[in-house]
Amino acid sequence: MAGQHTRLGREAIRRLSDTMTAAADWHDDAVCARFPVTETDPIFYPTSGSYEDTWDEARELCSTCPVIHKCLEEALEFEVSGQSTHGFRAGLAPSERISLIASLRGTKAMAT
């Protein structure tokens, strides 16, 4: 019986590890992963000039991304937790993500 529990425990740990690895791997499939994007990147993190001009380019790249939904999920989680509120992510500027969160909160409040 103890051997069965150990085997089941190992299997659960392996499944959890596989799930965590798969969750982290979506970044590798992102369109922006093909570029050396850092927080100094002028397309995704502009520091001067017209944000709209550079974000049009970022928005175009994001629109072709196969994992944009995962990116949006992570971006919204980061916004809500206060971890990251700058930069262009998931096809949205920070102000657009904030508006989306407010809209989602309003919808949730109306449903309760």
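The chain contains 4 helices and 0 strands, where helices (H or I, at least four residues) and strands (E, at least two) are DSSP runs numbered from the N terminus. Read along the sequence, these elements give the pattern α-α-α-α. The model is a predicted one, in which local features need pLDDT of at least 70 and side-chain atom pairs count only at pLDDT 80 or more, while totals for chains, interfaces and linings use all residues. Residues are numbered from 1 along each chain as its sequence is written, and side-chain values use heavy atoms, with hydrogens and water left out.

Of the 112 residues of the chain, 26% count as buried; buried means under 20% relative accessible area, exposed over 50%, and partly exposed in between (1.4 Å probe, protein chains only). The chain exposes about 7,900 Å², and carbon and sulfur atoms supply 59% of this area, as computed by the Shrake-Rupley method with a 1.4 Å probe, with only the protein chains shown counting as cover for residues. Contacts (heavy atoms within 4.5 Å) can also be sorted by separation: among those between residues at least 6 apart in sequence, 45% join residues at least 24 apart.

Turning to the interior, nonpolar side chains tend to be buried together in soluble globular proteins. Here the largest nonpolar core has 8 residues, namely Ile-43, Phe-44, Tyr-45, Trp-55, Ala-58, Cys-62, Phe-88 and Ala-93. Such a core is a set of buried Ala, Val, Leu, Ile, Met, Phe, Trp, Tyr and Cys residues joined through side-chain atoms within 4.5 Å. Leaving aside neighbours within four places in sequence, Trp-55 is in contact with Ile-43, Phe-44, Pro-46, Phe-88, Ala-93 and Pro-94. A second, separate core has 7 residues, including Ala-30, Val-67, Cys-71 and Ala-90.

Within α3, Cys-71, Glu-74, Ala-75, Leu-76 and Glu-79 are buried. Just after the helix, Gly-82 takes a positive phi of about 80°.

The structure holds 3 salt bridges, each defined as a side-chain nitrogen of Lys or Arg within 4 Å of a carboxyl oxygen of Asp or Glu. What does Glu-74 form a salt bridge with? The partner is Arg-89, with the closest N and O atoms 2.6 Å apart. Because Glu-74 lies in helix α3 and Arg-89 in the loop between α3 and α4, the pair ties together parts that are 15 residues apart in sequence. Glu-74 is buried at 17% relative accessibility, and Arg-89 is buried with a relative accessible area of 12%.

Glu-79 is buried, with a relative accessible area of 9%, and Arg-97 is buried at 1%.

Glu-96 and Arg-59 form a salt bridge too, their closest N and O atoms being 3.4 Å apart. Glu-96 lies in helix α4 (residues 94-111) and Arg-59 in helix α2 (residues 51-63), so the pair ties together parts 37 residues apart in sequence. Glu-96 counts as partly exposed at 30% relative accessibility, and Arg-59 is partly exposed with a relative accessible area of 31%.
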